[in-house]
Protein chains: 4
Amino acid sequence: MKETINIILAGPRGKMGSEALKLIERTENFQLVGCIDRKHDGKNIKDIDNTSELDAPIYTNSNEAFERLNADVLIELTNPEVGFEHTKQALLNNIRPVVGTSGFSEDQLGELKELSNKQQTGIIIAPNFAIGAVLMMKFSQMAAKYFNNVEIIEKHHDKKLDAPSGTAVKTAQMIKQVRESINQGHPDEKETIEGARGAEFDGFRIHSMRLPGLIAHQEVVFGQSGQTLTIKHDSMDRESFMSGVHFAVEQIIDMDEYVYGLENLME
Amino acid sequence: MKETINIILAGPRGKMGSEALKLIERTENFQLVGCIDRKHDGKNIKDIDNTSELDAPIYTNSNEAFERLNADVLIELTNPEVGFEHTKQALLNNIRPVVGTSGFSEDQLGELKELSNKQQTGIIIAPNFAIGAVLMMKFSQMAAKYFNNVEIIEKHHDKKLDAPSGTAVKTAQMIKQVRESINQGHPDEKETIEGARGAEFDGFRIHSMRLPGLIAHQEVVFGQSGQTLTIKHDSMDRESFMSGVHFAVEQIIDMDEYVYGLENLME
Amino acid sequence: MKETINIILAGPRGKMGSEALKLIERTENFQLVGCIDRKHDGKNIKDIDNTSELDAPIYTNSNEAFERLNADVLIELTNPEVGFEHTKQALLNNIRPVVGTSGFSEDQLGELKELSNKQQTGIIIAPNFAIGAVLMMKFSQMAAKYFNNVEIIEKHHDKKLDAPSGTAVKTAQMIKQVRESINQGHPDEKETIEGARGAEFDGFRIHSMRLPGLIAHQEVVFGQSGQTLTIKHDSMDRESFMSGVHFAVEQIIDMDEYVYGLENLME
Amino acid sequence: MKETINIILAGPRGKMGSEALKLIERTENFQLVGCIDRKHDGKNIKDIDNTSELDAPIYTNSNEAFERLNADVLIELTNPEVGFEHTKQALLNNIRPVVGTSGFSEDQLGELKELSNKQQTGIIIAPNFAIGAVLMMKFSQMAAKYFNNVEIIEKHHDKKLDAPSGTAVKTAQMIKQVRESINQGHPDEKETIEGARGAEFDGFRIHSMRLPGLIAHQEVVFGQSGQTLTIKHDSMDRESFMSGVHFAVEQIIDMDEYVYGLENLME
């Protein structure tokens, strides 16, 4: 039987936070010992969340939570500002943080790394907890060593403002690190309607589809003579992040180091 | 048992022509009675094509072929210039032409329509003989009545020069005929890398992927709240045109009218 | 400007019903004049649904609703038992029913058809309101005339009990109606692991994938020498039915006939 | 500039062999120094292959070839019987073999490994040279550590006799090595038509589609709550193997060990 992991959750009322509550409730060896919330100090999580049967005190003062509660792990799902303070305090109390934010500065990341080192307390910071997306990026980078030719097509709902998506750009950057840089396509190719060939990134192309009915999808297509290899991720909802949080909590419990990015916990 | 259809083939040595020879040979009720070729006058097809067991005389003078041979159908696969003459002569001899060219002018098409009418002899002119592609376009047009939001992504080998492909543009035009014209995507969407959102056509987008290993593929994706509908055609080789030729020959034998486009033979 | 359509909704608290409330609220020319609900008689919809700003009385006695309210259309989303009564009463009051159930018996359907005829009042009964799914089936049937070879693969979440899905079986039946019946695959093919080739239906195959993360998807793949044609529907949530309800309401308002199946409203 | 690699090709007239000739011709630092062929002893490759401009002697006695020619690498593309002899002789002459056969027995593989070791001469034996297929299998195995739920669908032309394909079974075995063994699907799921859920392998499912127009395709679909990850390989023709041969030749030139499977040359 797996040993119980005692968890403090920061941000229980957010979209990610409420998914995390469900995760903790349904995972046998996960135990919620407390929450950090800027409201509801002194109340119990069962007072504000009637969908679960969890029972744990709420603290608005995070330090108090770290000192009073016997916790192994902090799941930090608030925002970069207060999240940074929570994370530092957790490390100082030898509570391992699992942090879901992409908003820390380079300086802040450096400070957390040093503190983790000094305290000999593991920490994982993951801008993307969707395991499938992380693997898609990892595999794409690996494939780019053997396939010079690649294009990315990402597909999202039509409420999305930016094109290409952040994940597509991140994937493109990871591919660029290992791919022999070439200008793909025929040297004489021409667009009879501007933009047909998509966005150019280091000689390869990224396409952004936006349609109602789509959610969040990406295909990375590699080609060489006679064959194509496609790596595709389809994300349906926020729940997709929870398996990554689960995985990170299970991993960090046995680690003393600083890790940035879920992919670095995966061999 | 189906009645035998006697066929004259114009252009037996071209890429399409040699596929047509195979089609005729393997189709039980198709009978090759002669070929029209600018070379090899007086020879037999078996002298120049050792892959088949066909046996039929070659004529360089097309009129001679039409007059001497007892033919039901002309399969015309040469080029727009001589092809136009062959087609007219065939009609004058009450031989039904099945023509695979997109190169005739509006005037020429008008002349053929009139001649077909006068001779009461059926003719089918088909710029695209790939039945799957024709159906993809037809279904896309039908779906566009019920889905305002659509994007096209076409994928070809990286030897292709033009983007978007001719088929993609044709599909877009057919969609435009029936779709309520709207500007898709979020009004405030922006490209952080130029071209990401593809080519704009009547408010919707077309994307062109070019990679070695691809052949000729197109997806038309329709979206509305909660669902997407995708129509996809994958063409692997020239053989894909032959089922269309087969279909056209079988249809024209019972027709006395002029038909432009294979889709108009399909209900 | 479109004329206002006055609507009675039966079943406002069900899953489909609550989507229908949203549909009515966001559609400019749709006006909710009343609801039929086995509870809450005499209350107003705004008393029980605080997500909308709709304002309409609730009746438990459906006859009373039809007689007192000035309605053009009944949207019937309860269950086959009471739904049948609601539908009959609506016809008797010359209110056009749009019915989303697949549970009526042949006898009941016959009775409704006759009554619609007698009352000269249009009615549409649609077992499937997802326009994309209806088009997928319709296109598949059309394609089957030109492609003898076809396989279906449907993909659903792993909570689904039956394989193949109802939609896959319905699609297969529609294909069977027009396809020349042949046994597909190599005559000597053999399964080295039983079941690999899927379920056999009239000589072609149906495959059922079940995985967490999937929602409701189906691909119909047609093949012939050198090409494939694929028709694919992806359904993400219940909202996907609402465009079909919207479409049916808009159509029925000008019709006096009985129609079974949304596909029969589509040319 | 890359150093020239001198190559002996065994089996130049086979399907793979003739592709290998083209590969050698178009690769700047590859030099054909001789061929091994059971016919045409004493002739030159240019006498029997008029599509290339290669110029190299043909030997029927392989030992003679290895002794007389100054070669770095043997590309062995004949059959398991004579291929085994060629490979042994090459090792004895310190010529590195790149072998494309899956037909050697365990004993033979053991013997070659020992000989490679003794001679300090690298050798690579690859049952599958399609880099994309090898990566698909490798990535599938990696993903199976993080996704318990998986299904495989492989799609081939309808001339194929066995279902599932060899590649699908190999992929399934690699997944099994790392996946926590569970019975997927709902415990109460039932097939209303036998075979719908496909072939069962260690609790997961494999589906085999067979249609004209398909070539050789495989999708491995992983699912977990809210997301799916798909790894897909499409192989269009025999050319797809040549990038793998190219890669293996480039790698083996700097190696002294025995390697089985292309995946073991890829990090």
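**Entry 1: B:Val178**

I began with B:Val178, which sits in helix H7 (residues 166–178) of chain B; helices (H or I, at least four residues) and strands (E, at least two) are DSSP runs, numbered from the N terminus. The model is a predicted one, in which local features need pLDDT of at least 70, side-chain atom pairs count only at pLDDT 80 or more, and totals for chains, interfaces and linings use all residues, while side-chain values use heavy atoms, with hydrogens and water left out. Residues are numbered from 1 along each chain as its sequence is written, and chains are lettered from A and ligands numbered from 1 in the order in which they are written.

I noted that B:Val178 counts as partly exposed because its relative accessibility is 31%, the classes being buried under 20% relative accessible area, exposed over 50% and partly exposed in between (1.4 Å probe, protein chains only). Setting aside neighbours within four places in sequence, I found B:Val178 in contact (heavy atoms within 4.5 Å) with B:Gln141, B:Ala144 and B:Lys145. I also looked up B:Ala56, which is 122 residues from B:Val178 in sequence and 47 Å from B:Val178 in space, C-alpha to C-alpha.

**Entry 2: helix H8 of chain B**

I then turned to helix H8 (residues 242–252) of chain B, which is largely enclosed by the rest of the structure, because eight of its eleven residues are buried. The buried residues of H8(B) are B:Met242, B:Gly244, B:Val245, B:Phe247, B:Ala248, B:Val249, B:Glu250 and B:Ile252.

**Entry 3: chain B against chain C**

For this interface I recorded 34 residues of chain B in contact with 34 residues of chain C. The two chains bury about 2700 Å² between them, with 56% of it on carbon and sulfur atoms; buried area is the accessible area (1.4 Å probe) that two parts lose on being put together, summed over both. On the chain B side, B:Phe139, B:Tyr146 and B:Gln227 supply 23% of the area buried against chain C, more than any other three residues.

I found zero salt bridges between chain B and chain C, a salt bridge being a side-chain nitrogen of Lys or Arg within 4 Å of a carboxyl oxygen of Asp or Glu.

**Entry 4: chain A against chain B**

Here the contact takes 47 residues from chain A and 47 residues from chain B, and the buried area is about 3400 Å², of which carbon and sulfur atoms give 62%. I noted that A:Leu161, A:Ile193 and A:Leu211 supply 15% of the area that chain A buries against chain B, more than any other three residues.

The domain assignment of chain A gives domain 1 (5–125 + 239–265) and domain 2 (131–236), the bounds coming from an automatic or database domain assignment. Taken over C-alpha atoms, the centres of the two domains are 33 Å apart, and the contact takes six residues from domain 1 and five residues from domain 2. I put the area buried between the domains at about 470 Å², with 61% of it from carbon and sulfur atoms; on the domain 1 side, A:Ser240, A:Leu262 and A:Glu263 lose the most area, together 79% of what that side buries. Across this interface I found zero salt bridges.
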